[in-house]
Amino acid sequence: MTQPLHLASRSSRGRQRPWLEPLLLLAPAIVLMLIGFFLPVLQMLLSSVTSVQGVAGFSLGNYAEVFQSDYYLSAMGRSLRLSLIQTAITLVLALPLSYLMTRVSGRVSSILMAVIILPLMTSVVVRTFGWVVLLAPNSWLGQFAKSIDPVAYGQGLLGTEAGIVISMVQVLLPFAVLTLYGVMQSIDPKLEEAARTMGAGFLRTLRTVVFPLSLPGLVAGATLVFALSVSSFITPRLVGGSRLPVLAGTIYNDATVNLDWPFAAAQSTLLFLAVVMLIFATSRIGSRK
């Protein structure tokens with residue numbers, strides 16, 4: 001039985017253009033990415049090379065001003081340093097917690113999962129104000145810090161980098177745990193049993209079996225946590241105060257208070273490039289066997 005002519009022609013066109021159907025399926029996502037991401041980023045890049053006076057014309061003066069100012073260099077260095085510290089501490093806490101969640105009973109795992117997810121349902125502003133109370137001079141954390149160093153922690157942990165790290169780790173921990181939990185859950189427990197049968201102890205089994213297999217989740221978690229940390233503004237601002245500016249805070253101040261949009265765009269571009277470089281580096285690391 002012969003195929004109708006219009007169906008045959010449509011089938012031949014489909015074979016000639018196999019890319020058309022996937023492109024049509026991806027079209028809504030592509031349009032959304034163009035409108036919601038690429039166009040704003042392009043506008044930011046163009047604004048960052050606008051002349052310092054705000055008139056039309058190409059200029060790198062905004063970038064030069066960032067690198068010539070000790071204030072902004074200090075804010076950039078503090079942002080990177082605190083982000084690295086927060087990422088390291090978060091992953092150290094997330095690794096055993098994620099492993100525990102995959103090895104306990106289903107009910108205990110559900111309770112732990114609820115405890116991890118529950119803070120995500122609360123506004124970060126509310127959580128940060130809670131930490132402001134907990135880190136105040138009269139709180140037990142503030143009293144403990146003053147007992148260690150009365151000079152450095154005379155006002156408790158407020159206005160200190162230690163206070164920023166403590167509060168930010170609590171904010172970032174759920175993201176790291178959820179990322180690692182998905183990877184560790186796929187690790188077959190029989191691999192650990194085989195290692196123990198061959199004479200490996202518990203710690204050696206974790207080091208030689210669990211940790212290498214969970215490395216993709218560790219890399220993804222580190223990338224996510226660092227990107228969220230280096231771009232965080234509310235928690236460092238409320239806990240650290242104006243004495244400890246971070247790059248996201250200076251961007252907000254220049255854009256909303258000083259109304260210097262080109263200069264704020266230059267700082268945003270530097271922050272964006274740092275995150276993109278990190279994602280590129282970690283993706284290369286994650287793709288290696």
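Is tyrosine 72 buried or exposed? At 12% relative accessibility, tyrosine 72 counts as buried, because the cut-off for buried is under 20%. I will come back to that residue. One caution before the rest: what you see above is a predicted model.

Let me start with confidence. The mean pLDDT of the chain is 80, and 90% of the residues reach at least 70. The lowest confidence is in helix H1, residues 5-16, with a mean of 52. Helix H4 has the highest, at 89. Where pLDDT is low, predicted coordinates should not be read in detail.

Now the overall layout. The chain has 14 helices and 0 strands. Of its 289 residues, 36% are buried. If we take contacts between residues at least 6 apart in sequence, 67% of them join residues at least 24 apart. The chain exposes about 17,400 Å², and 70% of that comes from carbon and sulfur atoms.

How many residues does the largest nonpolar core have? It has 26, and the ones with the most contacts inside it are Ala94, Met101, Leu135, Ile164 and Val177. Five helices each supply at least two residues of this core: H4 (70-103), H5 (106-117), H7 (140-148), H8 (161-184) and H11 (215-230). The largest share is from H8, with 10 residues. Apart from this core lies another one, of 16 residues, including Tyr63, Met76, Val230 and Ala255.

Leaving aside neighbours within four places in sequence, valine 177 is in contact with Ala94, Leu97, Ser98, Met101 and Ile116. Two of the names on that list, Ala94 and Met101, were also among the core residues with the most contacts.

Back to tyrosine 72, by way of the aromatic rings. The structure holds 3 aromatic pairs. One of them is tyrosine 71 with tyrosine 72: the ring centres are 5.2 Å apart and the planes sit at 85°, so this pair is edge-to-face. Tyrosine 71 has 44% relative accessibility, so it counts as partly exposed.

Tyrosine 72 also pairs with phenylalanine 263. Here the ring centres are 4.9 Å apart and the planes are at 90°, so this pair is edge-to-face too. Tyrosine 72 lies in helix H4 and phenylalanine 263 in helix H14, residues 261-287, so the pair ties together parts that are 191 residues apart in sequence. Both of these residues are buried. Tyr71, Tyr72 and Phe263 form one aromatic cluster.

Helix H14 also holds glutamine 267. Which residues is glutamine 267 in contact with, leaving aside its neighbours within four places in sequence? They are Val66, Tyr72, Leu247, Thr250, Ile251 and Asp254. Glutamine 267 has a relative accessible area of 1%, so it is buried.

Last, a residue in another helix. Phenylalanine 37 lies in helix H2, residues 20-48. Phenylalanine 37 counts as partly exposed, because its relative accessibility is 34%.

Terms used
Residues numbered from 1 in each chain as written. Predicted model: local features only at pLDDT ≥ 70, side-chain atom pairs only at ≥ 80, totals over all residues. Heavy atoms only, no water. Helix = DSSP H or I, 4+ residues; strand = E, 2+ residues; numbered from the N terminus. Buried < 20%, exposed > 50% of the residue type's maximum accessible area, 1.4 Å probe, protein only. Contact = heavy atoms within 4.5 Å. Areas by Shrake-Rupley, 256 points an atom, 1.4 Å probe, with all protein chains shown as cover. Core = buried A, V, L, I, M, F, W, Y, C linked by side-chain atoms within 4.5 Å. Phe/Tyr/Trp six-rings, centres within 6.5 Å; stacked < 30°, edge-to-face > 60°. pLDDT = per-residue confidence, 0-100.
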